Amino acid sequence: MSDSLKPRLVSLSHRKLPLTPFGCQWIPCSNRFVCLGTGSGAPSRGIIGVYGTTSGEIRDVHTIEHPTAFRCGTFGATSLQQRHLATGDFDGNLHIWNLEGSEAPLYSVKAHREIINCIDGVGGLGIGQGAPEIVTGSRDGTVKVWDSRQKDLPVANMEPAVGFNRRDCWTVAFGHACTPWARCVCAGYDNGDIKLFDLRNMEVQWETNVKSGVCCVEFDRKDTSLNKMVATTLEGRVHIFNMQKYHTIKSYTSRSEKPYKFTAWTVRHLPQNRNIFITSGGTGCLHLWKYNESSTLLERTDHERDDKDSTTITLLNTISVSSQPIGSLDWNTDKQGLCISASFDHSVHILIIADQQAAWQLE
């Protein structure tokens, strides 16, 4: 395919923020988004900034301040009618906020002993079957699942056994929410461990180590049977796991790319096309990728067969939008190809995929 037909990431608008953003999220079914993090000054305060877009410009809508800095947030466990934001902060607190109401949280719980590094939701927004739940991962080494209808106590608590080291959990993601009773959580840790927890049977279903701290994990879809999963790491690698191809000795088939010299911070799959995903790097670059799937059946013996996975990914295009790391990304679920990114230079960018047909048809 010629360069002229390649899909491009185009920056539509950007602005400086009055906070260091650790997370950004589109507010479902709207042209607004939130950026959350910490304000300047000492002691650091938490800020949730609500912003809107009008005629290509980003404008202020509303600001919520909190005594403790925010680290992460998700809309994944809320309904489309309520659109409540769940957040984790540096003191280990889980809060749920009504962005249209008062500045006091609707729900609060001391979820962890230390900072909540990561959060994800499922069962809300019409995505995934089963109860609306929130998963949090912390520096204290625990991964916990919460239901806001149940006060103070988690639905599930995954932590190391007594005597084992507690690794810093950097990322969590829900998956396999395809029936009311089937659901899993994937967690990545600072030592390179990736663990897949089966919430139905409360056991570790699978684990591996990618030899570098895991910054982000995400399934290509939360509400389907396990298909693909991507993990980004501290050393700049992007690992792609084919969760449909499991070997009792070799585990899930996987591939690895190293598009960044420094940290690969995050990954997000396009909601309207599970074969497209975007990653961000420590040098302020975004990379747009596409899965290319093909597999052949390899005969081993008359009684043994194994799938030889030849899944690959194609780099569609890149764009540099900042001189600092891009720590968070989010796709818009209503406008295909519309993306938001927040970087540590206090900037937020709105981007879109141009020439989208080229991306979808690229072989």
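These are my notebook entries on what I looked up in this structure.

**Entry 1: the model**

I am working with a predicted model, where local features need pLDDT of at least 70 and side-chain atom pairs count only at pLDDT 80 or more, while totals for chains, interfaces and linings use all residues. Residues are numbered from 1 along each chain as its sequence is written, and side-chain values use heavy atoms, with hydrogens and water left out.

I began with pLDDT, the predictor's confidence in each residue, from 0 to 100. The protein chain has a mean pLDDT of 89, and 90% of its residues reach 70 or more. Residues 295-308 stay under 50, and for them the model has 16 contacts beyond four places in sequence. A contact means heavy atoms within 4.5 Å.

**Entry 2**

Strands are DSSP runs (E, at least two residues), numbered from the N terminus. Two strands pair if DSSP finds at least two bridges between them.

I found an open sheet of four strands in the order 1-30-29-28, with antiparallel pairing. At its edges I see strand 1 (8-16) and strand 28 (326-331), each pairing on one side only. Neighbouring strands here are turned by 25° against each other on average, direction ignored; axes are lines fitted to C-alpha atoms, and angles run from 0 to 180 degrees between N-to-C directions.

Strand 29 (residues 338-343) and strand 30 (residues 347-354) run antiparallel and are joined by six bridges. I looked up Leu338 and found that its bridge partner in strand 30 is Ile352.

**Entry 3: the sheet 6-7-8-9**

Another open sheet has four strands, ordered 6-7-8-9 and paired antiparallel. Its edge strands are strand 6 (70-74) and strand 9 (107-110), each with pairing on one side only. From one strand to the next, the twist averages 20°.

Four bridges link strand 7 (residues 85-89) with strand 8 (residues 93-97) in the antiparallel sense. Here I noted Gly88, which stands opposite Leu94 in strand 8.

**Entry 4: Phe22**

I then turned to Phe22, which is in strand 2 (residues 20-26). Phe22 and Phe344 are 322 residues apart in sequence, yet 7.8 Å apart in space, C-alpha to C-alpha. Leaving aside neighbours within four places in sequence, Phe22 has contacts that include Leu36, Phe70, Phe90, Ser328 and Phe344.

**Entry 5: the second largest pocket**

A pocket is an open set of points on a 1 Å grid over the protein atoms alone, where a 1.4 Å probe fits, with protein on both sides within 12 Å along at least five of seven lines; lining residues have an atom within 4 Å of a point. The volume is the space filled by probe spheres set on the points.

I read about 320 Å³ for the second largest pocket. It is lined by 14 residues, and Glu159, Pro160, Ala161, Asn165 and Lys195 are the closest to its centre. Strand 16 gives the most to this lining, with three residues.
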